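Here is a short briefing for a reader who is new to this structure. Please keep the sequence and the model in view while reading.

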Amino acid sequence: MDGAAELVFCVNGRKVIEKNVDPETMLLPYLRKKLQLTGTKYGCGGGGCGACTVMISRYNPITKRIRHYPANACLLPICSLHGAAVTTVEGVGSTKARIHPVQERIAKCHGTQCGFCTPGMVMSIYTLLRNHPEPTLDQLTDALGGNLCRCTGYRPIIDACKTFCKTSGCCQSKENGVCCLDQGINELPEFEEGNKTSPKLFSEEEFLPLDPTQELIFPPELMIMAEKQPQRTRVFVGDRMTWISPVTLKELLEAKVKYPQAPIVMGNTSVGPEVKFKGAFHPVIISPDCIEELSVVNHADDGLTLGAGLSLAQVKEILAEVIQKLPEEKTQTYHALLKHLGTLAGCQIRNMASLGGHIVSRHLDSDLNPLLAVGNCTLNLLSKEGERQIPLNEQFLTKCPSADLKPGEILVSVNIPYSRKWEFVSAFRQAQRQQNALAIVNSGMRVFFGAGGGIIRELSIAYGGVGPTTICAKNSCQKLIGRPWNEEMLDAACRLILDEVSLPGWAPGGKVEFKRTLVISFFFKFYLKVSQILKTMDPVRYPGLADKYESALEDLHSRNHWGTSKYQDVDPKQLPQDPIGRPIMHLSGIKHTTGEAIYCDDMPVLDGELFLAFVTSSRAHAEIVSIDLSEALSLPGVVDIVTEEDLRGVNSFGLLGEPEKLLETQEVFCVGQLVCAVVADSEVQAKRAAKRVKIVYQDLEPVILTIEEAIRHHSFFHGERKLEYGNVDEAFKVVDQILEGEIHMGGQEHFYMETQSMLAVPKGEDQEMDVYVSSQFPKYIQDIVAATLKVPANKIMCHVKRVGGAFGGKVTKTGIMAAITAFAANKHGRPVRCILERGEDMLITGGRHPYLGKYKAGFMNDGRILALDVEHYCNGGATLDESLFVIEIGLLKVDNAYKFPNLRFRGWACRTNLPSNTALRGFGFPQSGLITENCITEVAAKCGLSPEKVRMMNMYKEIDQTPYKQEIDATNLTQCWKECMATSSYSLRKVAVEKFNSENYWKKKGLAMVPLKFPVGVLSTAAAQAAALVHIYLDGSVLVTHGGIEMGQGVHTKMIQVASRELRMPMSNVHLRGTSTETVPNANVSGGSVVADLNGLAVKDACQTLLKRLEPIISKNPKGTWKDWAQAAFDESISLSATGYFRGYESHMNWETGEGHPFEYFVFGAACSEVEIDCLTGAHKNIRTDIVMDIGHSINPALDVGQQVEVTCAGEWSGPVGRVI
């Protein structure tokens, strides 16, 4: 084989030539580090989130067609890109040239918050529009199926993208037989006079039109190269790996004979994750390129032959075309395959993964292999010895040597037979979500009745997800042959299948009972479906199903997303130039969509920069016997390994009282605890060395993982927290009934799209250091770094431009990692960067606290709850972190919207051997509220009343008092409840739901309505103070800085709106650079739904100070410009810079007396949701949700609709800000 000297491809229309390329290099780091195209983001590294989506374009010289498809750059080896054109978000549009309509619409429709996922969203939709300039809604939602968004939610993103579709303006689905926009059951009544609302957050008329003729063309040079350049095998040799790209079948076979153990890689969607996440290594990779025989599509008399090199997306398109052309009786298997191809992974993976790779990988949860196995498919193999065929059966799927590929053999194509008359094939799968999620259980089933008669002649059943590979119920099927298709057969089949497809209680992946249920439920659905078809084919011979069973046959497809929202219009008397209350686009929105918004790891590599990677504990509780660093230190590029010994005297720091160690080399208390840190010249070298650190452990007892185990071992942080009101014990004596219960809640990952990121830069003099970090709490970063380096805080400056999502997870652990990174930078006098991979991030950082709630309720028969005794336990993990604070907030909010005259609330934070759990959106309230709502629901059931009636009966009414004796005015709570009841047409829909449930046996609907009281505050005045700094420059422009962190909630945009109003100048005159301890010192953490409140008042204070100084100047020249006034003030020696300060809301809480004023005000709301569930599989969908929220006067409704927690001030009822239908 002749080795190719060069790798040639194009990026955004520019030719790239790489010599001596490393085959281990993926496209994502190449784009970000080599080409400095940082718009493409790292989100998960495994092709699961879509943040790294790019468009790949390839020219086929045989068909003369160009294929555009989305791909995950994190899984794409650059060696596979020879001759391809890559388009990144920078190539789509930019603020420096022109923005593309996709970018404009996502931004102006408010489809960005933190913006980290946005470039991937843009690329997915852009690629769709390159192929379908006027897509359907189904194509749109399918295109976004491989993209995750963690903070914006998909409604505004889909709203933006729907502007490219030809739609009727209707959700295209009628619930209860009536369109959501029709009057009547789904009517949206107007609000009372004086509460005028607006339904529009953007204006489509202003959008740039989509002009397909203006898109980047496929580079002609690549087209000529594909047409005329002699094709030959390309060989790329790296330090550890060799990449071979044969271009003919003959060369492919030669390579396979020479390297029989080398995997054949097409899309790298199987081998790539194994290398990245499981540590697999292949010294040789064989990657066929444009081999025609591997892309064959052959229509024969007995079926379809598809090349093994076809992508799953191409297979999907081919099957869809075949189904249109052939009679239904021939396409049963194709229909089933197409069903699974619509939900398998996301659009990006389907365009990268090959049919052959999917089959040969034989993953235990493969969606296609069970169907191909029951469909009697065969595999066409080729080797130097010639061709042969093997069946795709159970022996092949279990990798039985006699039925598998031999060394040197390759899979060329797959034969998929046509189905026959009286033959039926079905596909089933159940996953956590409909698309882009691995199946919990999937199945393929086929039955053949011969010439009719309803007697089983052939039966094949295969399951995935219930064993180490796909399992075929061959024995069960054999015993059922010859039996009629009736209920006796069904009963026998269920027993046989459960016996054969057995799942032990310890089966990997857990959910054993659920999986057993699915195994039978799938067959039952197959039985019903076939019975229904038989009845259609021969109504006389085959009895029909009862009407109430028919709903079991319908899949719960998520319909097209549709939502409407209304917000309170500004007062007509408000000046047009006053931006407060107006739906203004996030000021970074356009930069989010063009990839120009800079996040921590987007900062250019600095001269001499090092990279730091952590070594973490692999044991939950153990003594570290020894640590061997020698092998890691011997690797090239490794500069140092920081251990506890290096941090002697500075190895602990406490944020909330209890100090936490930075590194631990003696005794570890959880998996993921930081042990040491490798510092190397590059990320690859640091992470490679981290894996070579050898740690010997001695396991210790006890290992406490659950709340129940913590209770048994009395393992708690500090004592209990208690809140008591009234006389609970006496009240229990007079109630009609007493109910006791408990509820468990699991934890939740933050999964912020931007992983933990930091860059420490020594300044070279006076021990100064700049720390750039993705954090919610710069002051804490400053304090912990200063303490670790033994310098005053004034030598450490922490800078945060923006954060790619946080949700409470970028506070405590971020500080610890930043301190270690800064220590390494200080020690070596060089910049040090640390960016966690997704797996590391989820291992090291905790999440939402798992909860156990126990309650005892005393109530009257009419539903009034007179006594409530509640115990809360949260799983705090190995260190205190914010667990005690979470318990306190949970106790203070446990009453939710209800007045319980006698109550006792107690809470404990459990110390366990899990990574320390921490703050996550809601901060204890979601768990606490669910405990209370569960209790309410059970009380209602005991009383024979609807939960809504019991909720309404126990709600706060007008002026009242909370359990901690703070006054509350619940007038708006009642108003929100009534408004939600009306807008949701609750009463009518309740009747419709009950009717549906009585008529359907296997599908059920539920309708529930819940009130909300969300107290806003941070329990102390000191924690609520805020500061700002405002400069006016001589040209009349203004620079604002404040202590809040921009993490997607739009706080910077709101602060500019505040400055614009107070200074009475256009928003375009005001700029905000970011947050830094250099400009605003001692700022509190950004969280708790108060960032805009507190910092807005500080900005307001600064602006008013400036305006007061300038009043004499302005009064002398009222028609002047800001430039005139600034110059005049300067000439008169009047300061044009002012600090603003807000001392904090008066708040306090005394836990000894159980009394206080911990919150400044309360936010009220109500929500009504209708859901449907499949009782056989657990599949569910949300049909409609109505939300009415009182958020006072919104600074920016466009941002607040997305947040619904960012509150500006207490006060007037503002009507609903969100109604999702």
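The points below are grouped by topic.

This is a predicted model. Four cysteines come first, as listed in a UniProt record.

**The cysteine site**

- An unreviewed UniProt entry lists Cys114, Cys117, Cys149 and Cys151 under "binding site".
- These four are spread over 38 residues of sequence, yet they cluster in space. Their largest C-alpha distance is 9.6 Å.
- Cys117 is in the loop between α3 (101-108) and α4 (118-131). Cys149 is in the loop between α5 (137-143) and α6 (154-162).
- Cys117 counts as buried because its relative accessibility is 5%, under the 20% cut-off.
- Cys149 also counts as buried, at 11% relative accessibility.
- Leaving out residues up to four places away in sequence, Cys117 touches Leu148, Cys149 and Met753.
- With neighbours within four places set aside, Cys149 is in contact with Cys117, Met121, Tyr154 and Ile157.

- Strand β48 (residues 1161-1174) pairs with β49 in the antiparallel sense, over ten bridges.
- Ile1173 has His1180 in β49 as its bridge partner.
- Five residues lie between the two strands of this hairpin. In the turn, Gly1178 has a positive phi of about 85°.
- Strand β49 (residues 1180-1190) has nine of its eleven residues buried, so the rest of the structure largely encloses it.
- Thr1185 belongs to strand β49. Thr1185 is buried, with a relative accessible area of 12%.
- The side chain of Thr1185 makes a polar contact of 2.8 Å with the side chain of Ser1169. Another polar contact, of 2.9 Å, joins the side chains of Thr1185 and Asn1182.

**An open sheet of four strands**

- The strand order in this open sheet is β43-β42-β41-β45, and the pairing is mixed.
- The edges are β43 (1070-1071) and β45 (1137-1142). Each has a single partner strand, so one side of each is left without a neighbour in the sheet.
- Strand β42 (residues 1038-1042) runs parallel to β43, and two bridges join them.
- Leu1039 has His1071 in β43 as its bridge partner.

- In helix α8 (residues 249-258), the buried residues are Leu249, Glu251, Leu252, Leu253, Ala255 and Lys256.

**Aromatic rings**

- The structure holds 26 aromatic pairs.
- One of them is Phe449 with Trp485, an edge-to-face pair. The ring centres are 5.6 Å apart, with 85° between the planes.
- This pair links distant parts of the chain, 36 residues apart. Phe449 is in the loop between β16 (439-448) and β17 (458-464). Trp485 is in the loop between α16 (474-480) and α17 (487-500).
- Phe449 counts as buried, at 0% relative accessibility. Trp485 counts as buried at 9%.
- Ring pairs join Phe424, Phe449, Trp485, Phe523, Phe526 and Tyr527 into a cluster.

**Lysines over rings**

- Lys893 lies over the face of Phe1014, at 3.8 Å from the ring centre.
- Lys1005 places its charged end over the ring of Phe996, 4.5 Å from the centre of that ring.

**Asn442 in strand β16**

- Asn442 is in strand β16. At 0% relative accessibility, Asn442 counts as buried.
- Not counting residues up to four places away in sequence, Asn442 touches several residues, among them His340, Asp365, Phe428, Tyr463 and Phe522.
- Asp367 is also among the residues that Asn442 touches. A polar contact of 2.7 Å joins the side chains of Asn442 and Asp367.
- Asn442 and Val297 are 145 residues apart in sequence. In space they are 27 Å apart, C-alpha to C-alpha.

Terms used:
Residues numbered from 1 in each chain as written. Predicted model: local features only at pLDDT ≥ 70, side-chain atom pairs only at ≥ 80, totals over all residues. Heavy atoms only, no water. UniProt positions renumbered as here; feature names shortened; annotations may be inferred. Buried < 20%, exposed > 50% of the residue type's maximum accessible area, 1.4 Å probe, protein only. Contact = heavy atoms within 4.5 Å. Pairing = 2+ DSSP bridges. Polar contact = N/O pair within 3.5 Å; in protein donor to acceptor, adjacent residues only side chain to side chain. Phe/Tyr/Trp six-rings, centres within 6.5 Å; stacked < 30°, edge-to-face > 60°. Lys NZ or Arg CZ within 6 Å of the ring centre and 35° of its normal.
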